[in-house]
Structures are given as structure tokens and as C-alpha cells.
Amino acid sequence: MILWLNPIAGISGDMLLGALLDLGAPIDKVRSAIDSTGITGWNLTTDSVERQGVRALHAVVDVDEIVTERHAAELLDMARRAQPSAAADLAVTAIDSVAQIESTIHGAPVESIHLHELGGVDTIVDTVGVAAALHALGIDEVWSGAVGLGIGQTRAAHGMLPVPAPATLGLLRGATVIGIDTPTETVTPTGAALLSAMGARYGPVPEMTIDAVGYGAGSRDTPGRPNVLTAVLGSKVARNAVVDSMVMLETTVDDVTGEVLGQLVGELLDSGAADAWIAPVVGKKNRPAHVISALCRPPSVASVEECLLSRTGTLGVRRTTIDRRTLPRTWIHVDVDGIPVRVKVGPHRAKPEHDDLHKVAAATGVPVRVAADRVQVLVAEHLHSHQHRLDADAGSSDPMTNQMDGSSIRTQ
């Protein structure tokens, strides 16, 4: 199943939990997962509310304690006890990412980090609850629109902090964001950490069949904009190979410097090309030259062509319409000594991201080829384990047993 989020008004743990419950995640399964951590003094209910005319579900977390500060290690121990294990894995990833960011901000070891505003019972309820809801809904792919960021200041344990808070910005590294004109905090560290832990990719609604739409309410009813998080649940469109109509843009240049060519491929990709490359050739008058090629979808032709013309100074671009056949692929994450590695899995091979292999090699001291071999072993174990569960659950009468495990929840 695919989940697409529209956090234009921001995102927090309770907004995401409310949206998932509104999509149909069973609250009894969510409560059971939270209860399995051993944490006490909490109660989770829902309230149907309106936010500027939009009906949404508010996840209400009532707690008995007033303690809001705990060691990160204590929260991690609670999260690890969560059942099912898929919920534990994602919740631990979210809480650990917060601890890592706080460690960087304060220049202190992770093991000594105190979580202040995030040290309360509600952090466990939000993170484990969201992870359990994702598992119950069978979500294995998460997409998100641009995250709306407010401005201003907010009061915290350390005094006044700028909005967005430093921890929030650190956790949103790699996310697509957009500023909104509101003098308040719209994204909490928990919300940002959950986006990261889910492996959210950013973009428009992906191709899918819409099965349900849910709305999670923020605690405030803000004037002028509905303070809600939209969540769309959809089924993947079953297909094998896909044939797309593409446009190939090409030009041949013999007077462009290496400095320009060195940056050009990245600029073409940023302007909308699906792929781009440069090949050395011998041109007219036997001069060394380069053929610059950019493959793009029809809507991107104008922007890619303008990039090609303006960056190289060429006086002409060739256009060729071609068909491109692509096979289905998906992304999974595997951990190598605690370092996440993205792996693209197709029908015939699994290919780890080379940048991630370099991170493993740098952190562990092993050659990149050795890191790649270790990843392939982990991928084979993951795929074999998942297929075994699918085969075992094929005859189950309980649709909720036919789920992927924690590593697949973080699949991109």
C-alpha cells in the first residue's frame, strides 16, 4: 500500500496518528502496541473536529504524569519492547534520529542526551502509535508533498527558540519544504523524525488507486488555514513493463570548457531530465568535441532545452521522440553496522546506492566492494524472508497478517 501525505499546514506526531486512524487503522491495535512498551499513565482517544470547515480526526493523548524530560536511552528501551516488531523498529529509528540531532546541536554524547519536550509519555504514544498504524494498514511506501514551515519563536526548556526549531530543521534534511505565512511552529521534531523514519519521498501524488482519504487535526484551530494533515491511502497499480514516450535532446559542442561540462549533467537533471550524459567525439574539422544528451518526458522538454542552450551557448538542439521501456522497481533499506543503505530492487537485480556504500566504507574501514557484498547478502536475506512470509500467509483468513516487516515499513 502507498501513503501520500500533504503536510502543507505542517506535521506533528498527533496529526499523523490522527490521519492514519482516520484512514482506518484500528485503534485497538494501536493501543495494544503502545501498551506493549510497558509505559503507563496514558490514554489514547479520538475526537472528530473541524478545522476551518474541514472535518478531521484529532488523536487525543491524555497523560497522568507531568514529567517531560527523560534520557533518550530510556525512551529507546521502551520503544524496543513494542509489538509487533515492525512498530518497534520504526519507533526506535524515529527516537534515535531525534537523539542524534540533539547530540549534534548540544555537542554531547548521545548516551547523555536528555530529551526535554520530547521526553514525555506522549512521545512514545505518538511514535509507537504511528508505527503500529502504518503496519496495520500494510503501508510499505510513503510519499509526501512539500512540508509547510512557519516562522517566529517558541518557548522551550532552554528558553526561546527560533521557529523552525534547530532540531526540526536537522531532522528535515533532504525533505522538500515550503514557507507559509504563519507566526507559529507548524512542524514538531516528532513529526519531522517520523517522516524521516518512514523513508518518505517527496513529490506529487504517485500513481495509485485511491482507497481511502483521512485528515489528522492539529490541536489548534488556526485562522485562515485548516490546520490538518491530509493522508491518502492507495493501492499500487499492478503492471510489468511500462513504455513511456520520451524526448531525446542532443547537441554537439567543440568550444565548451571542462568546467562547464563538469557541472552540466547535474544541471540538466535538476531542470527535469530523467537522464543525461556526455560522450566525447571527433567533430568537424577533426576537432575534439562532445555530444551532450538529455532524456526527458514531454512536459520537461522546454526547461531542459533552455538549460542546454543557456549553459553551453550552443545554437541548436536536436529533438528525437523515442519510446523507453522500464521495468518495475522498488526501494528498500538495509542497515550495515547501523548505517542505512538504500537499495533499488528490480526483477533481475538489486543495486545499492553507491553514495551509501561510500558512507559504510568510510565508517567501517572496509573497501566499497566489500560493503557492496555485505549489502547483497542482507538484501537476499530480506527478500527471502519476505517471500517466505507471503507464502506462509497466502491462506490466512486474517488480512492483517499479510504484512511486511519493519525493514519494509521503511521501504522507499
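Let's start at Lys285, which is exposed, with a relative accessible area of 67%. Keep in mind that this is a predicted model. Lys285 sits in the loop that runs between strand S15 (275-282) and strand S16 (288-296). What's phi like at Lys285? Well, phi there is near 60 degrees, a positive value, and the residue isn't a glycine. As background, most residues other than glycine have a negative phi, and most peptide bonds are trans.

There's another such spot at Gln52, where phi is near 55 degrees. Gln52 belongs to the loop between strand S2 (42-51) and strand S3 (54-63). Its relative accessibility is 41%, so Gln52 counts as partly exposed.

Okay, on to peptide bonds. The one joining Gln83 and Pro84 is cis, with omega at about 5 degrees. You'll find Pro84 in the loop between helix H3 (72-80) and helix H4 (85-106).

Now have a look at helix H9, residues 301-312. Which residues of H9 are buried? They're Val301, Val304, Glu305, Cys307, Leu308 and Thr312. These cover an arc of only 155 degrees around the axis, so they lie on the same side of H9. And what covers them? Strand S14 (242-253), helix H8 (258-270), S16 and strand S17 (318-326) are among the elements that do. Just after H9 comes Gly313, with a positive phi of about 75 degrees.

Technical notes: Residues are numbered from 1 along each chain as its sequence is written. This is a predicted model: local features need pLDDT of at least 70, side-chain atom pairs count only at pLDDT 80 or more; totals for chains, interfaces and linings use all residues. Side-chain values use heavy atoms; hydrogens and water are left out. Helices (H or I, at least four residues) and strands (E, at least two) are DSSP runs, numbered from the N terminus. Buried means under 20% relative accessible area, exposed over 50%, partly exposed in between (1.4 Å probe, protein chains only). The arc is that of the directions from the helix axis to the C-beta atoms. Contact means heavy atoms within 4.5 Å.
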